[in-house]
Amino acid sequence: NGSICGGSAPVVLSSSAILGVEGSTGDNQTSVRWHGLIVHTPGVYQVCWCGNASLGACEEDLDFGEPAGVIQVRGPFGLPDAYLSPAAGEVFVLALRGLGFAEQDRIRIVESGVACGGIGASASVETLRGPPGCAGGFSEQASRAGNARDRPHVGTPCAAPCVQERGRWGHSWCWTEPEGTSDRQWGAPCVDCMNAADALDVRGIGSQSFWRWVGLSIVEVGSYRVCWCAGGPQSCLLDDMFDIEVAMLDVWGPSPKVYACLMDRACLISMPGVPPHYAGSAVKLLSSSTACDETVAQLESDVMIPGVRNPQTNPDANASAYTRFRLSFLQSRVGRSVARISELVLWSSGQQADLEEATVNITSDNGAEVCLEENRTSLSNFNISLVMIELPQPFRIDAFSFATGPSEDDDPVAFELEGSSEARPWSSLVRISGYQTPLARLTQSGMVSVHNGITVYGIGIPSGGDVGNYTLCWANHIDGLFTVNAGTLSLTGISGQQDQWCFAGTRCTLGPVAGVGLSRLDQVVAVTHFES
């Protein structure tokens with residue numbers, strides 16, 4: 001774009017390796033066609049022609065001096081930040097910048113082990129949730145100041161999650177205009193909240209240069225690829241059509257686990273996968289027969305147990321503090337097990353860690369260990385497999401970043417950060433595969449958030465006879481949708497008050513006593529009881 005034929009502009013596409021064939025006229029002297037050419041970056045390109053009729057022609061830039069038209073290559077440049085880390089169940093917006101976007105374009109979100117364009121790329125993971133569809137006609141009363149010209153068509157995807165309460169569009173309804181729209185007017189009843197995105201074939205909204213998919217969420221922890229397909233007749237149906245990778249998603253949160261609490265005792269749940277410094281996340285108890293992503297059923301399945309706070313958030317932002325950190329480089333851009341960066345920075349609440357008093361050791365590609373005494377985390381001279389940092393005081397880390405090295409080939413794309421202290425063993429804080437570093441050299445990467453650790457939720461002191469198993473659902477904030485299955489909570493004890501009868505002076509057998517989680521080692525004691 002902007003280049004002049006015959007100049008020294010870089011060549012992005014060449015037909016020299018592909019012989020032309022007859023064009024529309026049926027002979028190769030009056031028209032020629034070249035097939036199988038690929039341009040990997042969207043843009044507007046100048047086509048420059050050279051007549052190869054003599055030996056030695058078409059070898060220098062100046063030989064290609066004849067403009068032959070332009071080619072517009074449409075597609076995504078990618079995300080502003082090609083690495084996203086939403087919480088499981090968190091509703092996020094996937095926005096792409098590019099050229100020539102159209103309504104027929106599609107995306108699929110697949111597991112990190114599936115290559116874009118490979119087997120399975122045309123179907124998103126089952127744990128992806130999309131914006132619910134809308135049903136029913138729109139009315140002037142429902143749309144307030146809207147008019148027929150601006151009215152969305154029936155079936156327009158929601159631009160926000162369903163609202164689970166009575167409103168002017170029904171018991172559950174959704175906005176069809178994006179958040180931020182001045183005086184939003186349009187909405188409709190929800191067909192089925194949190195449908196699978198593939199079932200709806202989410203289309204997205206936007207312009208030719210900016211396209212976004214709203215209301216997406218993934219309800220299971222893991223790493224995922226975002227694959228894009230250029231829409232058109234009979235396209236976006238096969239795996240190989242989704243061959244453009246535009247982003248990686250690192251979804252964090254709890255994984256399902258079985259927890260147990262005793263009736264009439266304080267119930268504390270230590271949930272791995274949720275960083276303690278992340279305030280506001282919450283857990284919720286539902287009846288065992290209800291799945292967490294059945295948002296409509298949640299309204300009818302909230303558990304009401306005396307003494308239980310449901311839902312229960314973690315308002316205390318007591319961050320985990322570590323004194324030792326180690327960063328392992330698992331893969332560079334060219335596939336090596338070492339990488340090269342120029343600097344490493346640890347962050348807490350937007351402030352950098354002071355490493356003046358820190359001890360920094362690195363392990364190089366040949367296994368040699370080097371202690372850095374003066375240049376601290378200035379690392380550009382080393383091929384690194386491991387960086388070890390020890391601080392004199394505990395540090396509450398919530399992110400880290402690094403500066404790129406002198407060569408793109410040595411940039412890390414897969415790495416793991418771990419932390420430990422005197423009171424805490426080594427634990428994984430971040431593990432990433434498919435990270436995209438900045439193209440600029442010796443510049444800071446984006447901050448990589450630390451989304452790991454253990455958070456303790458105080459459920460309360462349950463009492464009464466409601467023993468049994470309950471579904472435990474999680475959300476990254478108290479007003480969330482609680483669509484993430486965090487496991488099962490078993491409340492053990494006897495099933496409420498069970499009167500027994502005995503006769504004075506005779507042997508007495510107590511029981512059977514019904515309950516959950518009872519044991520032969522349990523004991524009972526008789527105390528005086530007076531009825532008024």
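This is a predicted model: local features need pLDDT of at least 70, side-chain atom pairs count only at pLDDT 80 or more; totals for chains, interfaces and linings use all residues.
1. Arg340 sits in the loop between strand E20 (322-332) and strand E21 (341-348). Helices (H or I, at least four residues) and strands (E, at least two) are DSSP runs, numbered from the N terminus.

2. Residues are numbered from 1 along each chain as its sequence is written, and side-chain values use heavy atoms, with hydrogens and water left out.

3. The whole structure holds eight salt bridges. The criterion is a side-chain nitrogen of Lys or Arg within 4 Å of a carboxyl oxygen of Asp or Glu. One of them pairs Asp105 with Arg74 (3.0 Å, N to O). Asp105 is in the loop between strand E7 (92-99) and strand E8 (106-111) and Arg74 in the loop between E4 and strand E5 (75-78), so the pair ties together parts 31 residues apart in sequence. Asp105 is buried at 0% relative accessible area; Arg74 is partly exposed at 28%. Buried means under 20%, exposed over 50%, partly exposed in between (1.4 Å probe, protein chains only).

4. Arg333 and Asp411 form a salt bridge (3.2 Å, N to O). The pair links distant parts of the chain, 78 residues apart: Arg333 in the loop between E20 and E21, Asp411 in the loop between strand E26 (399-404) and E27. Shared partners join Arg333, Asp411 and Arg441 into one salt-bridge network. Asp411 is buried, at 0%. Arg333 is partly exposed, at 35%.

5. Check the backbone here. A cis peptide bond joins Asn310 and Pro311, with omega about 0°. Pro311 is in the loop between helix H3 (295-301) and strand E19 (312-313). Asp264, not a glycine, has a positive phi of about 65°. Asp264 lies in the loop between strand E16 (257-262) and strand E17 (267-272). Leu442 also has a positive phi, near 55°. Leu442 is exposed, at 57% relative accessibility.
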